[in-house]
Amino acid sequence: MKLTKTASAPDTDSDTPIGVGKPYPQGATWDGEGTNFALFSEGSEQVELCLFDSPDATKESRRIRLRERTHGVWHGRLSDVGPGQLYGYRVHGRYEPREGLRFNPNKLLLDPYAKAIGRLTRWDDSLFGYKVGDPEGDLSFDERDSAPFAPLGVVVDPSFDWSDEQRPAHEWHQTVIYEAHVKGLTKLHPDVPPDLGGTYAGMACPPIIEHLQKLGITAIELMPIHHFPQDRHLLEKGLRNYWGYNTLGFFAPEPEYAEQRERPRDVVAEFKQMVKALHNAGIEVILDVVYNHTAEGNQMGPTLSFRGIDNLAYYRTVAEDKRYYMDFTGCGNTLNLVHPHSLRVVMDSLRYWVTEMHIDGFRFDLASALARELHDVDRLGAFFDVIYQDPMLSGVKLIAEPWDLGMGGYQVGNFPINWTEWNGKYRDTVRRYWKGDMGVHADIAWRLGGSADLYESSSRRPSASINFVTAHDGFTLHDLVSYNGKHNEANGENNNDGANDNESWNCGSEGPTDDAEIMELRERQKRNFLCTLFLSQGVPMLVSGDEISRSQSGNNNGYCQDSELTWLHWDLDEARRKLLDFTRRLVALRREHPNFHRHSYAENEPEAGAAAESIEWFRADGVKMKRSDWEQGGWMRTLGMFLHGDAPEIRNGGGETVRDDTFLMLLNSHHEPVEFRTPKRVRSGKWIVVLDTARPDLEDGKEEIGKGQPVKMESRSLVLLRHAHR
């Protein structure tokens, strides 16, 4: 279908004086005197810049044809346009869905490079490029004008005073990550002003920063803050997209998280102020980013931006019928990073957030989808090659969610050398172990030691493993020990959504209970999980709220619950306050003792005077584990981890080898108490009991155990012993 008809709007303003402009940087760039506009669309025939006077305008006040085109980029400069100007584009070309062409100038399009959002999407059928409900489906062509409803970009003034910022730079092996949601963390905090709750400004408030500092957090990983529209189908059910994994603007902060959301020019400044405040508190900022797909969905989705600008350049389409999209994400489409321009958009976005917004790192959602050259995951794909050689990006913190939903997408352990990974094997093993499963003693040893089986052969360090027991997706820590099954009825999908296999255990009763014995066991299990997390080699990630027993009432898929179900409640009873104190104690212990965050794996040839093995494993009878124990001891539920304090892998922040205390960590996941005999591995002196998850109030140093003597362990408990370096 050759497009001939345009939308009902002002004619192209041929009298507007427009300069040639430049093709780069793309987007709307104000230079102090005027604004340069640049939009990539290599398959189009014509591009029109549309200017709006207000967010309530139903049509553009000026429509200006961009006449210059360089290497597929349409561009021009307007000397009378500055910060605050709302804008969008209309793109002309062929509409042939079976060929992957979906140009429709009746649809106003958001600039992929928009630095701020001037108006949010207002759902209407006119936002779709085809006639909704037409028997032809998306093959039909819709002539309705979407201008009254489409999202708008806004020209911004990038200036900001960073002069007194103190930007931290924590080494990976000294990093402690806190995964958090801007709104969820701050909305209900009693000491955050109500008008700041749920905002970037709220994140920068002293009560929030003080909480993070007292926890010992070094980096906060923010769930998606790139602009995302609310899903139409969720709004129609009275729900909202809470998580935000549905990006439409890779350069724009989500305005709904801003105190000044009605003033787009101030949203960017508010975000920067939050980053600055966190940095000055010694906390790095990592963004959870979604570059694998966009909010436009599959072939039946709306035409809001990328699809109408250049569908084939931005999306992976099915070769046999380009009407359809290749979907490795489960969200309807996959960004086409095989195309050089789409790759450039991602790289420009990453560089923008590092240079302009001072972001310290990124966690890449469904990162395997980014590595697919054709169908297979290619760890040396163009995306990784470009990042590896980029002097600006190769030095920031890079975290992969190492899986997607396509065949061969599970790639834990296979990402390049400068990447870290969410270690899903760590999560699953630790959950199975404390649930009491047999046959996981060898696997839990690998995870406690930093997952060398996954990372050492590729010359990576223990910090390549981002260790986590819970994440935003799945049960909270409290629910992990309180529910055997998911309870997602509130999501409106008949409890069919969310994972069915959670490796959870309710400790004897489903959900809330008044049974004192079960309640005590649940608290002990929480402490077991937290101790394992913070005493394992690798980088621990704590999910916001787990330190205060946040519950979602058994909902393991809170993506659509923007409510008190998912927000943190700060009214702490005695049990919740004790867990918070215990968590703070654990993080402090990890920080003070580099033996728990070693720089590297054990060296093949220990330095003179160092222990023959820097980590050793013992049975409950005090005998060192033998090969037969690992291979045939499937019945074992107890294990001792001996960490030598003079191992060469123990280093300070400057990379220098240091000496630390020696530790013995004893784990008992059996449902009965055991006696664990301490090995006669130290030369002299006694073991000091640092902590016992069955006795959370026991103070460090109040109890001693002689070498070779038994330690009485409660069922399902962890005991940590310390032998001071002499």
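How do α3 and α14 lie to each other, oblique or roughly parallel? I started there, noting that this is a predicted model, where local features need pLDDT of at least 70, side-chain atom pairs count only at pLDDT 80 or more, and totals for chains, interfaces and linings use all residues. Residues are numbered from 1 along each chain as its sequence is written, and side-chain values use heavy atoms, without hydrogens and water.

**Helices.** I looked up helix α3 (residues 206–215) and helix α14 (residues 574–592), and their axes are 8 Å apart at an angle of about 55°. The two are therefore oblique to each other (under 35 degrees is roughly parallel, over 145 roughly antiparallel, 65 to 115 roughly perpendicular, the rest oblique). On the α3 side I found H211, K214 and L215, which meet L580, T583, R584 and V587 of α14 (contact means heavy atoms within 4.5 Å).

**Rings.** Next I checked aromatic pairs, and the structure holds 36 (Phe, Tyr and Trp rings, the six-membered one for Trp, with centres within 6.5 Å; planes under 30 degrees apart are stacked, over 60 edge-to-face, the rest tilted). F475 and Y483 have ring centres 6.3 Å apart and planes at 25°, so I wrote them down as stacked. Both F475 and Y483 are buried (under 20% relative accessible area with a 1.4 Å probe, protein chains only; exposed is over 50%, partly exposed in between). F618 and F642 are a tilted pair, with 5.9 Å between centres and 55° between planes. F618 sits in strand β24 and F642 in strand β25, so this pair ties together parts 24 residues apart in sequence.

How values were computed:
Helices (H or I, at least four residues) and strands (E, at least two) are DSSP runs, numbered from the N terminus. Axes are lines fitted to C-alpha atoms, for helices over the stretch in contact, and angles run from 0 to 180 degrees between N-to-C directions.
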